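This report is meant for someone meeting the structure for the first time.

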Amino acid sequence: MLATLLSATLVALDGRVIRVEVDVAPGLPGFTIVGLGDASIREARERVRGALRNSGFMHPPRRITVNLAPADVPKTGSGADLAIAIGILIGSEQFTARAGRAALIGEVSLGGEIRPVPGLLPMVAALARRGVRRVIVPADGADEARLVGGLEVVPADTVTDAVEALRLRHRAAPTPPARVELALGGSASTAPAGPILADPAPIPDLSEVRGQMEARRALEVALAGGHGFLMIGPPGTGKTMLARTIPALLPQLSGEQALAATIVASVSGEGPLHALVRTPPFRSPHHTSSYAAIVGGGRGPVPGEVTRADGGVLFLDELAEFSRDVLEALRQPLEDGRVSIARASGSATLPARFQLVAATNPCPCGHYGDEGRCQCAQGVPERYVGRISGPLRDRIDIWVTLARMKAATLVGGPDPEPSSAVAARIAAARARQLGRPGNRLNSRVSGRALRAIAHLESVTSRRLSDLADSEHLSGRGTERLLRVARTVADLAGSDSVEIEHLEEAARWRPPSSNPPVALAV
Ligand SMILES: Nc1ncnc2c1ncn2[C@@H]1O[C@H](COP(=O)(O)OP(=O)(O)O)[C@@H](O)[C@H]1O
Ligand SMILES: [Mg+2]
């Protein structure tokens, strides 16, 4: 007989409801799945067969046809396994259920356990929008599913649990066989192969960072306004350390932003999640990460680092070491806050609105500017920093140079300010910006709006023109200067941009040709 159940799949970051129709008919034994499924769905046959047998049910020796509808939605992943398994049990009359009232999501193992799948949150949300009142999910994913209100979440560890939850009459009370540990996991999860991340060290506090006052200040301004930020300096000057303080400097996410970050985390396979993600993303992919790991791709497609950094910070350490392809691919997200991923079945667009933070040595050996220590051939340092060109250069509002520190700075001196104090100023400056009409950070306001919110007096306006002339700034360069100055003014609690704000912002221009060199302090 025919059984029809509801389940869900993912299309990019969206959940889509699918109907799983299972027909168990007389005829030659066989098991076919149709309806635009990918390889992991075809492999569902093997998982489901094992799961039923090892749960004490029968895999009926009949002609089983599974149709996944609607036909125009591509189905990926293993989340429909459970619905297929239950459909076979109902179709072969091994039990009767009011299954039409519930939906099921979960991958099954050969042993009959139900496993979590990436993207549970948006899939359950799609079911709730469709009016489904009850959903059976992997027990580990129950907290994540419950983040969606308005429907009953039933956790199930095994296929047997799911049957119990659905059953009206139990015909053949199954006795689970002794559990067999199978070498084959049968998993075809769509979880991304994790990108290569730099070591996940704990978040350092700014009170541990000594000296580097200019870079600390520039970082504060960059985070306050969401500006693209680049640190240039020899190895061991604290560039990576400074960047790693960022997660404790940014305000927590609220409402919509938290939900968006949670959906991205869920689809990226970070789950099962137990609460909304409130910490802004801080992603630091290694410079050897592949194009697909950064941009996203594959089935689904799986979000890349640019999407996983959405609403937070993408930190590219050793920026000049990233492949040219990857640097080039950052252009679109930096300009539109989105990334398009080409796939066989057309292209998908994912959100990718991140703040770029980057660090680089001034040259391949790192010692450019250190008297006599640079090993690089003539012209090499120029070409090195020159790789940060075009669109990337245009999107970095703040360039700061770090110098090697004198030993006295590292050991002596007053205790540096802690992260909490800096975070409070950043939060206040952001609140000022978001309180203005349009509620955007300064890095995101349009050029025209920027002029309006700068409130320049004529004398300040003249100073801006003078700075633009003396530094040979393009129109875009001038606008960037004003943008950063607006943030400096917001940190100072000033409604108008004043000359001192412009002058501070002007310290952080991109270098003209040679890599910049800072004197040891
Ligand atoms: N300004 C600093 N204050 C305190 N420690 C520092 C500083 N700069 C470097 N260090 C120490 O040196 C180590 C390496 O610094 P790191 O941030 O990796 O340098 P970079 O990224 O510039 O090469 C840090 O883990 C820290 O122990
Ligand atoms: Mg470093």
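## Two domains

In this predicted model, the protein chain is divided into domain 1, covering residues 2-170, and domain 2, covering residues 206-408. The C-alpha centres of domain 1 and domain 2 are 40 Å apart.

## Where the domains touch

Contact between the two parts involves 17 residues of domain 1 and 18 residues of domain 2. On the side of domain 1 that touches domain 2, the elements giving two or more residues are α4 (120-129) and α5 (142-146), and α4 gives the most, with 3 residues. Sorted by class, that side of domain 1 has 10 nonpolar, 3 polar and 4 charged residues.

## Around ligand 1

There are 14 residues around ligand 1, and those that come nearest are Arg210, Gly238, Lys239, Thr240 and Met241. Divided by class, the shell around ligand 1 holds 4 nonpolar, 7 polar and 3 charged residues.

## A closer look at Ala258

Ala258 belongs to helix α9, which covers residues 255-267. Is Ala258 buried, partly exposed or exposed? Ala258 counts as partly exposed because it has 18 C-beta neighbours inside 10 Å, whereas a buried residue would need 20 or more and an exposed one 12 or fewer.

When neighbours within four places in sequence are left aside, the residues in contact with Ala258 are Leu253, Leu276, Val277 and Arg278. The C-alpha atoms of Ala258 and Ala275 are separated by 10.0 Å, and these two residues are 17 residues apart along the chain.

Key: Residues numbered from 1 in each chain as written. Chains lettered and ligands numbered in written order. Predicted model: local features only at pLDDT ≥ 70, side-chain atom pairs only at ≥ 80, totals over all residues. Near = placed C-beta within 6 Å. Nonpolar A, V, L, I, M, F, W, Y, C, P; charged D, E, K, R; others polar. Domains from an automatic or database assignment. Contact = placed C-beta atoms within 7 Å. Helix = DSSP H or I, 4+ residues; strand = E, 2+ residues; numbered from the N terminus.
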